[in-house]
Each structure stands twice: as structure tokens, then as C-alpha cells.
Amino acid sequence: MFNHQSVAIRFIGLFIVVLLLIGSAYYLTLQNVYYTQLKSQAQTIVDNVDAFGAWVSQYGRVWVKDDPSSYLGTIAVVEAPAAGAKAPAPRSKAAAVEQKIIHFYSKNPALAQREFSEAIARSSSPAKFRMTSDNFMNPLNKPDAFEEEALRVIKDKKTSEYDMITPTGYRYARALYHKKSCIACHGDPAAAPADVTTRYGTKAGFGFKEGDVAGVISVNIPTKSLAETSFRVVGIPQLVLVLAAFVAAFLFIKLVVVNPIKRLTNAADKVSVGENAELGLEKVNPKSANEVHQLAFSINRLRTSLVLVMQRMKGKDGPT
């Protein structure tokens, strides 16, 4: 049925099919680019968190002032006098007590990174991260379903990362490996620092060796639908250009192919019944590569042949 339609109608159908194919290719390409961008963003976040942990590790611990909310160890320091001033010698024990005492609290790399993640969770940043393990000390670091699966896959398949799209967004996890400096707190619980065992006990978070998977840095990035993303990439100007391309192609088919063929078809009909037909070949080069021109020349040759045949037939039918 479609074969009986005009070339213009068939071209419109073909254009729609081509547009659908291009749209599908665009959708798949956009999907791949979007997910690649999400993964790259998650990897950058993990790199920054890992770098922060490495910075804390080079000092063993960091000490913060007046923050007893979460810490391992604590020390009290007498505030030094201002620069250039001499501290007066205390005249009594009471005067010594009046001297200002500053408390410092220590945080190891894991604790510092967890508090960093909590600060990010309270911020307006859409991307969130946390550190977790299947052998955790702190109950706050208990893994969720995705993180449990990530830990299982990373250990079973000996890979370093795991990601997937979930109802809550794009999830990414990268393995953390115990370094030599970590084993002091996470190796033998009997050899662990007293402040670690005092705060977290000796039942969980121990028994690791150097190179073991300590856990993962888990990243959660909200995702948008590909339809929404597509409309942000393809706007009115792009759609106008696509429409302009269709109109240009349609006009070309209409003016260069369909209309000339209709004209030649009418001319051929007239030639077939012996009528005179205008083929418009006066200014056309016989060597033209245009197929429509060659068709016109063929019809012209056919007309000449028919005239000769008719003349011969009249000659044979005349008086002898």
C-alpha cells in the first residue's frame, strides 16, 4: 500500500523513520554520557575524601579545640599569654586555677572523614557520601542494602568499585584498603589504643591485616530523568533546526524530483496519444548527469521514434 503513495508522502514517512532512529541513537548516547558524567562526579568526590583521609593519616590524628561531641582522646592545655606579654607567676594555687584551660580532642582519619560526611549531609550539596564497612566499630557506619551488596561484590570479584542506579539516585562505592598505619587501631584489639577500645569496645572493627578491604566510600548523587535531561540539552533552537532540515529536504524532493516527474509523466501521456508535449530540453545539455534530464531525453527519443513509426505505417498503408 505504501508503494502506491507519492514520492513526497513516502519521503515524509522515511524522514519520520530516520528521525526516530536518530532520536533513539541520541537517547542512548545521552544516557551513556549522563551516566559517565555521574560516575566521574562520584569518583572525584571519593578522590577528595580519600585525599582528606590521607592528610589526616600523615599526622596520625588531628586535634580540634573545644569539641567534645565526638573524639577519641583529650588533653588540657593552659592558654599561653599573648605575644610580647609575660605571664604573671601565680601567687597561689587559686590563681593557678584561674588560668584559662583549653581542651583539645583527637580524631583519627576514619572519625574525621565521618564527621566530614556529616557536614556535607547538612549542606546544600546534592551529592552525599559516607564511609561504611561490614566490620564496623561505630554503629553510625552500618551499611545499607546497596553498600552491603557493594562490599560483597568488591570482595568476591576482587574489584575496586561498584555502582548502580537506584530509586534514590546514582550510587557509587569504592573500596578502602587497610594501610600499615591503620592496623594499629584495627588489628589486634589487645594492641589497640586505649581510647579506641574505651569508646568502641573490642568486639567489632578489629582483626584486619594490611591490604584487607576496610570498607567503602559510598556516594549518593540524585539523578534526573533522561527526558528532563534531554529537554535541557535540546531546546527550541535545536528543534527549529531539525524542522528546517526537514523542510529543506522536503522542498528539494518536491521541486527537484516530484514536480519534474509529474511534468514528464504528463508529457509522456501526450506523446503516447500523438499530441505535442513540451519537454523543456532547449537549454539542457545532453550530457547532463541529472536523472530527470536523462528521462526527458529518453521521452524525447521515444517521441521521435513514434513519429517515424507512424510515418512508415502511413507510407505502407498509402497507394502503391
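1. A helix here is a DSSP run of H or I with at least four residues, and helices are numbered from the N terminus. Keep that in mind for names such as α3, which gives five residues to the lining of the largest pocket, the largest share. Please also remember as you read that this is a predicted model.

2. Let's stay with that pocket for a moment. The space in the largest pocket comes to about 800 Å³. Its lining has 36 residues, and those closest to the centre are Pro109, Ala110, Met131, His178 and His186.

3. By residue type, the lining of the largest pocket divides into 17 nonpolar, 15 polar and four charged residues.

4. Now to the strands. An open sheet is formed by four of them, in the order β4-β7-β6-β5, with antiparallel pairing. At the edges sit β4 (128–132) and β5 (161–166), each of which pairs on one side only. On average, and ignoring direction, neighbouring strands of the sheet are turned by 20 degrees against each other. As background, strands of a sheet pair through backbone hydrogen bonds.

5. Strands β6 (residues 169–177) and β7 (residues 213–221) run antiparallel and are joined by eight bridges. What is the bridge partner of Leu176 in β7? It is Gly215.

6. Next, look at how two of the helices meet. The axes of α1 and α3 come within 9 Å, crossing at roughly 140 degrees. Angles over 145 degrees would count as roughly antiparallel and 65 to 115 as roughly perpendicular, so α1 and α3 are oblique to each other. Their crossing is right-handed.

7. Finally, there is the second largest pocket, with a volume of about 330 Å³. Among the residues that line this pocket are Leu19, Tyr26, Phe231 and Val242. Two or more lining residues come from each of α1, α7 (226–233) and α8 (236–272), and the largest share, four residues, belongs to α1. The lining of the second largest pocket has eight nonpolar residues, three polar and no charged.

Key. Residues numbered from 1 in each chain as written. Predicted model: local features only at pLDDT ≥ 70, side-chain atom pairs only at ≥ 80, totals over all residues. Heavy atoms only, no water. Pairing = 2+ DSSP bridges. Axes fitted to C-alpha atoms, helices over the stretch in contact; angles between N-to-C directions. 1 Å grid on protein atoms, 1.4 Å probe; cavity = no way out; pocket = protein on both sides within 12 Å on 5 of 7 lines; lining within 4 Å. Points joined across faces, edges and corners; volume = space filled by probe spheres on them. Nonpolar A, V, L, I, M, F, W, Y, C, P; charged D, E, K, R; others polar. Parallel < 35°, antiparallel > 145°, perpendicular 65-115°, else oblique. Left-handed = near helix turned anticlockwise from the far one by under 90°.
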